[in-house]
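Morning, everyone. I have one model to walk through today.

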Amino acid sequence: MKRQDLHAAWLPPAAFRSVGSRHTVVHGDGPLLDTVLAELREAAGRYGGTVRHGDGAEPVDLVLALSAVPAESGGTGDEGFVLARRDGVTTLLADAPAGLLHGLFHVVRLGEPAFTGERPAEHHRPALHRRIVDDWDNVDVHPVMGQVERGYAGGSIVWRDGALREDLSRVAGYARLLACCGINGLVVNNVNVHASEAHLLTDRLGEVAAVAGLLRPYGIRIHLSVNFASPVQLGGLPTADPLDERVREWWAHTTRGVYETIPDFGGYLVKADSEGQPGPFAYGRTHADGANMLADALAPFGGVVHWRAFVYNHRQDWRDRGTDRARAAYDHFVPLDGEFRDNAVLQVKHGPLDFQTREPVSPVITAMPRTRVAVELQATQEYTGQQRHVCYLAPMWRTVLGFRPWGEDRPDVAQVAAGGGLVGVSNVGDDPYWTGHPLAQANLYAFGRLAWDPTLDPAAILDEWIELTFRPDDTADPQTLRRTLHELMDGSWQTYEQYTAPLGVGFMVSPGSHYGPSVDGYEYSPWGTYHFADRDGIGVDRTRATGTGYTGQYPAPWSDIYESPDTCPDELLLFFHHVPYHHVLHSGRTVIQHIYDTHFEGARRTERMRELWRDLPAGLVDPALYARVSERLDEQVRSAHEWRDQINTYFLRKSGVPDAHGRRIY
Ligand code: GCU
């Protein structure tokens, strides 16, 4: 029996069997074409095919050609390709080398069907130009956050013990995996730029260049998180004021140095005036002043600054009911619309708070028509089970990307993000399975695929990932393997939502670690994340009529839909409204009964997930992988029960309302 090599994630050698057993010819030259040829030759060496570079007379099954695609068809752009099959020959055409690389991975994904029947020409082009993964890696092991901030898969694949790893083969493997799902940019270090990491910009730039060299063959450009105070920290200047000439000159010449070393450098990422990071506020300047200074330094070289909109007061007094963290990004940034340079991208978390299991779409995304906006998603499962729980996030992301802020027939979030890009916080580490929980790999894969095509169906993406990764057809029972993985993963986000914080209220997690329940953990903290549960009700009043006015940050029709509990979607009710426990949801249940029911149901579903995995016939997956998933499912079941019991007990005690079904609550 053939076992999957999960360490290869979604690119095990067997994924190349169909391609590798064919006779292939490649026309064209260039560094990315060398990568295409190397991939094809490796596969052919393994599976008996042949690969020819350039003309010849022998018959072929697959042609990859760099050649101008007829202009009347719109061309393929920098990264697109045309796939067709006629008279027994499959053809990939692209205007640019990156198109052939993406096309090759597409053919790999298709497997045998790429080589059967006829196929009319299909045009593939990424919907978003910038498809970037943000690693939150530190060079040093941070005393609180560890080496990878919010990392749940071990240490960094780039650094170890404060220095660049000698063996960077995992980085090369990462580049391949990322390219295969469509990623073309990587930010190599954490948004919180500590002392050592700040030096990556100057005297440690060689380390960045080394990583860039491994990404380049896969069409991925490197980006760097930089510290706004670098002119002071690294340059010895007395100020980092973005309007000070010395500061501007420091950034200009430092950036020139970066491009001398890394000519295809992508640009900077900045977290400023946020959670203790320095920023322009210290000098009485705006965030547009800060971003534009860096944009100007990058512009001569075609670079871009990604400037994060995650700016809020993290030292809030919980007694202060007037301050609403959800409002903060909009209040800071929307007045600056139109002031940002063209090569400045405002990077906005998809929700107004912080990657909760359920949040509305950030209104900032809707309110800056004269600014390039990138949407940031989080593949690392900080608030969604930390890669101990199965939580397939593509359905959540699809909901976000397909949301139409201005109503039907108007652009969706993905279309707005096309101006700036889609960014995903990575979930990998030096764990042999890359992501701790082997099934969490699917989140990174799905992120890339959605960035390429935001309209893809999450279940179809999962199919692709399962076929590539697990090779079901190489096992004794492909259907059972496929069905089990789908049953475990398809609805796992919803399951996770059921047993954690209810109805969009968010948080209720253990402070600091963010793992496991702690209903009041953040209730009297300075972080601005409260649920306001008392004996009568729960939720945050964010209405214009009586609350913080946050609903007014949305355009019509959502500003009104969210304003009234009668029209607000159930799953976001407590995000927008403070309601009594006996408030009746659209589902027909009261809020308190919904809390009880969903928590019993969610915990029960995790038991069912574990049973499904236990019932998987032996030999369908690698034993070590099987054991890893089993151990994680045990923890998920334990944790889901803990969530269920703490949440239900808390609300029974607060409300005094018994469960209508008389189930056990403590
Ligand atoms: C969250 C997370 C932090 C991270 C921050 C950010 O608050 O807990 O670890 O630094 O997001 O996105 O900047």
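This is a predicted model: local features need pLDDT of at least 70, side-chain atom pairs count only at pLDDT 80 or more; totals for chains, interfaces and linings use all residues.

Residues are numbered from 1 along each chain as its sequence is written.

Domains first. The assignment gives domain 1 (6-124), domain 2 (132-457) and domain 3 (496-540 + 578-655). Those bounds come from an automatic or database domain assignment. The C-alpha centres of domains 2 and 3 are 29 Å apart. At their interface, 26 residues of domain 2 contact 25 residues of domain 3. Contact means C-beta atoms, placed from the backbone, within 7 Å.

Now the barrel. Its 8 strands close in the order 7-12-13-14-15-16-17-18, with parallel pairing. Strands (E, at least two residues) and helices (H or I, at least four) are DSSP runs, numbered from the N terminus. Pairing takes at least two DSSP bridges between two strands.

Look at one pair. Strand 14 (residues 267-270) and strand 15 (residues 304-308) run parallel, joined by 4 bridges. What stands opposite V270 in strand 15? W307 does.

Next, the helices. Helix 9 (residues 287-298) packs on the sheet and touches strand 14, strand 15 and strand 16 (344-349). Its direction makes about 160° with that of strand 15. Angles run from 0 to 180 degrees between N-to-C directions, with axes fitted to C-alpha atoms, for helices over the stretch in contact. Helix 13 (residues 441-452) lies across strands 7, 17 and 18, at about 155° to strand 7.

Definitions and conventions
Two residues are in contact if their C-beta atoms, placed from the backbone, lie within 7 Å.
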